[in-house]
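Biologist: I would like to learn how to read a structure such as this one, feature by feature. Could we look at it together?

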Amino acid sequence: MFRFFFQINCLFLSCLNLINAQSCFLSIDGKISDLHDGSQIIGALVKIEGTNFFSQTDFNGKYKINGLCPGNYELTIQHPLCETIKKKIKIETSLTSNFNLEHHINELEEIILSEKKIFKLRKSVQEVSFDISQINKYGSNTMVEALNYISGASVLKTGNGIAKPVIHGMYGSRVGIVTDNFRQYDQEWGPDHAPNIDFNSFETIQLIKGAAALKYGGDTPGGLIILSSSRKKQKDSLFGNSSLILESNGKGGKISSRLEKTYSNGFNINGQLTVKRFGDFHAPNYILSNTGLEEADFSIKLGKDKITHGWNLNYSNYNIETAILKSAHIGNIEDLFFALNSNEPRLIESFTYFINAPKQKGKHQKILFNYFKLFKNQTKLEFGYNFQANRRKEFDIRRGGRTEIPAIDLLLKTHNIAGSLSGINLNEWNFEFGINSLIQDNFSNPNTGIKRLIPDYLKYETGLYFLGNFQMNNSFLWEYGLRIDHIHIDAKKFYDLSVWEEKNYATQYSSFEMQNYGNQILTNPRLNYLNFSAQTGISSKINDHFKINASYILSQRAPNASELFSDGLHHSIAAIEYGSLSLQKEISHKLLFSFLKEEGNLIWSFEPFVSKSFNYIYIEPTGLKQTIRGAFPVWEYNATDVFLVGTDFSSSYNINSQLKFDFGISYTYAQDLLKNNPLILIPPLNTFQKLKFIPKRGKWDIEIVNHLNATQNRYPDSNFQFDLIQEGQIVSQPIDISTPPPGFQRLDIYLSINLKTNKNTKSQIRMIVQNLTNTEFRDYLNRMRFYSADLGRNLQIQLNFKY
Amino acid sequence: MKNIQILFKIKFIVLAMILIHSCSKDDPAEINQQEYISNVIMEIQSSDGSSQTIDWDVSEQNTESINLIANNDYTVEISFLNSSDPNDIENVTLEVIEEADEHQVFYDFADVSVNVSSASDDIKVGSRGVLIKSIWNASSTGSGISRVYLIHQPTNFDATTREAMGGFNDVAIDIPIVVTD
């Protein structure tokens with residue numbers, strides 16, 4: 001209505017203006033952008049109807065028309081790929097007017113599905129993104145292998161089946177994983193807890209170093225890994241892909257398949273299935289007894305994806321059972337001493353597919369709903385709801401037929417809602433704000449017959465964020481973001497009365513006491529944390545080939561349930577772990593730079609960072625505790641201040657049209673400032689070199705990759721002494737759990753052959769050899785290094801079909 | 001108008017969050033620790049009829065020593081208890097006997113020399129004695145340590161050292177020992 005009146009008003013005024021038309025030195029300029037993703041549209045024609053005035057947009061999507069007289073005009077904006085728009089406009093003074101064009105529907109899907117489909121989350125922070133199918137080629141353990149090709153990222157492993165990402169020397173609660181717009185909530189705190197996600201049900205993976213993506217939280221000083229589904233085609237079509245991977249090491253493989261149906265009205269449905277099965281893996285010289293795994297996952301996604309609005313409803317179900325090397329199950333530090341002194345695992349049996357205790361079982365179910373609406377002015381409203389249920393069971397070797405009863409049995413349920421408003425544009429300024437909130441319920445099943453490692457608790461979290469950027473021109477952008485989170489933890493935990501008193505909790509936290517059970521006391525710790533996080537950075541294009549990003553990130557993280565409440569025996573390192581109620585939030589400052597150069601045949605990026613954290617929570621050995629099973633080292637969570645500095649470099653060089661050489665190297669220095677000690681479990685200097693050959697006419701290519709890990713010489717001394725009885729004498733022996741293993745080199749070869757099939761299907765065969773030289777090595781970031789060498793040679797055959 | 005709608009939607013989200021916030025949780029059940037061993041009891045009977053009982057209790061300071069006379073045979077019967085619930089003391093030895101095929105009691109000594117053999121009424125798996133009941137004979141005088149093990153799933157039952165035996169410790173405690181003339 002208003003617009004209508006306004007237009008009438010304009011028409012009326014135009015008569016007056018035409019009469020007074022004398023001073024014809026006015027101009028109109030502006031920018032033409034894509035309605036869908038905001039990118040500039042080059043070569044659009046801006047015409048003033050009825051005149052000879054026109055302008056064509058330049059490489060920045062900008063146009064300018066000079067020499068206009070005051071008056072009313074009709075502008076036509078045309079582009080061969082877009083719907084033409086006409087706009088009435090009144091010119092009294094020179095003005096800037098920006099327009100958005102919408103692509104023709106048939107063009108749109110190409111735009112959406114082109115390389116642009118991975119949107120950068122924060123422009124002032126360098127991110128690494130991949131198409132999942134691109135990284136799938138590295139084998140059945142997608143994520144692990146993929147991260148080996150990203151400088152600055154590594155993997156913390158427990159054997160072969162359990163792997164979690166490490167970014168800038170941090171892991172666990174300091175690295176977040178986001179799937180389809182929601183954070184993943186499983187028992188992420190444990191170094192031997194792998195994320196319960198099937199990577200095959202997503203299309204893209206993005207890695208952001210540092211807590212820059214405040215939309216998803218400000219508590220991940222390490223970084224974020226974001227998995228997402230791509231936008232769907234708007235046409236009637238049915239397509240899918242399947243892959244079969246067979247591997248010699250572990251004598252197993254993976255089958256995954258995915259089918260997707262899309263309709264022209266934007267509706268789409270897809271289903272995905274993954275099955276994995278492996279028996280005992282082997283090191284170069286022996287079988288790693290009890291290391292098999294079984295996985296079965298499926299997901300169903302339903303949605304409607306229009307340009308201006310869309311929704312999706314997903315359900316996914318992930319099930320995994322992983323055996324843990326039997327030789328790693330130890331009774332006390334004496335067993336640990338014997339294991340460390342033995343070059344081989346203490347138990348080597350013949351190959352089997354059976355998965356016996358010790359083992360882990362994980363089940364993760366997720367339901368999510370997302371909705372978005374895009375308004376004409378490019379403002380986007382999004383909201384969503386997500387429910388996740390994570391069941392984690394750990395089985396130990398137990399007496400009296402209890403091996404089949406889990407020793408740890410946790411059920412974590414998370415409800416999460418989120419809403420945001422983005423793309424609010426005011427000239428060069430762009431804003432986004434949003435809210436998300438969750439409630440988490442952790443239940444520790446008492447039927448284990450073993451004291452709870454993690455107690456029952458409820459956790460409430462609400463976060464508000466505000467993000468913005470200022471795009472001065474195409475070569476300079478300033479970005480900032482603020483986030484505030486409130487976290488409330490309401491736990492119910494039994495403490496041994498002796499521990500409760502010894503730690504002085506009885507006086508400090510007497511208000512938490514609920515009921516005395518004799519040897520134990522039931523308590524109700526209620527803890528609150530208020531966290532502020534922020535990010536600001538600039539992105540500057542020095543010229544067409546050179547770009548610099550610089551960013552400052554403040555992140556604050558509340559201690560997790562393990563850091564606060566842990567209470568029990570961790571079998572794999574024979575340690576009794578205690579949490580601490582008095583831990584405060586961890587505060588990290590990080591400065592992150594990236595220099596990117598793309599010129600001719602060479603692309604390189606150099607990304608240094610510096611970070612200082614206060615109240616950095618870590619676990620340290622504090623003494624020995626005598627139990628009926630002998631002496632155990634006690635490890636307690638504590639806080640310190642740490643300093644990290646590191647740099648990642650990666651480059652890619654096209655030697656000629658057939659040969660390509662990639663190189664990456666990264667190093668992190670980490671120091672405990674209060675103790676003046678290095679930090680534990682920091683990846684050593686590591687590098688990879690990759691040479692790829694693509695013949696001129698052939699339908700194949702070959703890649704040779706060399707990984708080199710140096711020896712980590714900076715580590716804290718966590719060794720302790722233990723009295724061994726040797727030949728009738730007590731001998732005090734050191735137990736060395738600190739010294740990292742020597743560095744190693746690993747060579748892999750990938751051969752891909754594209755097979756000719758008909759035009760609707762594509763198939764490909766890959767042959768891969770990993771650890772070609774069958775080198776025996778131990779990886780500092782593999783917790784099984786105390787007990788066995790890493791994997792020996794592995795032959796893989798992959799068959800991939802796209803239809 | 002649209003902005004108002006958006007505001008309403010956000011308010012709705014906030015309201016939903018407040019609703020979610022208002023729930024509570026039942027008190028957790030106390031855990032009855034099942035496999036736990038809290039006491040190791042050793043009944044040491046000399047051939048002349050005198051006897052000594054050692055009760056090694058995990059929740060106490062244990063200083064009592066085993067007293068033997070050199071070159072005398074003693075029958076030593078070991079048992080394991082779970083007394084974490086004083087009203088329901090559980091005899092774990094029965095479980096060990098039931099799974100005798102994967103358990104072994106083992107004694108190691110420092111600074112004293114004691115010969116240990118399976119008693120005639122010991123629990124046997126084939127010809128192997130589990131050493132629930134054993135015969136001790138000290139060959140020289142002195143004082144030292146006896147290290148008492150209950151080993152689960154040893155890989156080599158016939159080994160003579162703890163290291164060679166493999167498996168993992170369910171019990172490993174030190175009891176002082178004094179051998180006199």
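**Reading the model step by step**

Modeller: Let us start with what covers a buried helix: the buried residues of α5(A) are covered by elements that include β35 (630-654), β40 (720-726) and β41 (729-735) of chain A, together with β12 of chain B. This is a predicted model, in which local features need pLDDT of at least 70 and side-chain atom pairs count only at pLDDT 80 or more, while totals for chains, interfaces and linings use all residues. Residues are numbered from 1 along each chain as its sequence is written, and chains are lettered from A and ligands numbered from 1 in the order in which they are written.

Biologist: Which residues of helix α5 of chain A are buried?

Modeller: Helices (H or I, at least four residues) and strands (E, at least two) are DSSP runs, numbered from the N terminus. A residue is buried if 20 or more other C-beta atoms lie within 10 Å of its own, exposed if 12 or fewer, and partly exposed in between, with C-beta atoms placed from the backbone. In α5 (residues 333-341) of chain A, the buried ones are I333(A), E334(A), D335(A), L336(A) and F337(A).

Biologist: How many residues of chain B are in contact with chain A?

Modeller: Two residues are in contact if their C-beta atoms, placed from the backbone, lie within 7 Å. By that rule, 43 residues of chain B are in contact with 48 residues of chain A. On the side of chain B that touches chain A, α1 (2-21), β6 (103-110), β11 (142-152) and β12 (168-180) of chain B each supply at least two residues, and the largest share, 10 residues, comes from α1(B).

Biologist: What does that side of chain B have by class?

Modeller: Ala, Val, Leu, Ile, Met, Phe, Trp, Tyr, Cys and Pro count as nonpolar, Asp, Glu, Lys and Arg as charged, and the others, Gly among them, as polar. The side of chain B that touches chain A has 19 nonpolar, 11 polar and 13 charged residues.

Biologist: How many bridges join β25(A) to strand β26 of chain A?

Modeller: Two strands pair if DSSP finds at least two bridges between them. Strand β25(A) and β26 (residues 476-496) of chain A run antiparallel and are joined by 17 bridges; they form a hairpin with 2 residues between them, and N473(A) stands opposite F476(A) in β26(A). Strand β25 (residues 456-473) of chain A also pairs with β24 (residues 429-444) of chain A, in the antiparallel sense over 14 bridges, where the bridge partner of N442(A) is Y457(A).

Biologist: And how should I read backbone angles? Where is D180(A) found?

Modeller: Most residues other than glycine have a negative phi, and most peptide bonds are trans. D180(A) is found in the loop between β12 (175-179) and β13 (182-183) of chain A, and its phi is near 45°, a positive value in a residue other than glycine. D180(A) counts as buried because it has 21 C-beta neighbours inside 10 Å.

Biologist: What is phi of N290(A) near?

Modeller: Phi of N290(A) is near 65°, again a positive value in a residue other than glycine. N290(A) lies in the loop between β18 (267-278) and β19 (293-305) of chain A, and it counts as buried because it has 25 C-beta neighbours inside 10 Å. As for peptide bonds, a cis one joins A357(A) and P358(A), with omega about 0°, and P358(A) is found in the loop between α5 and β21 (359-374) of chain A.
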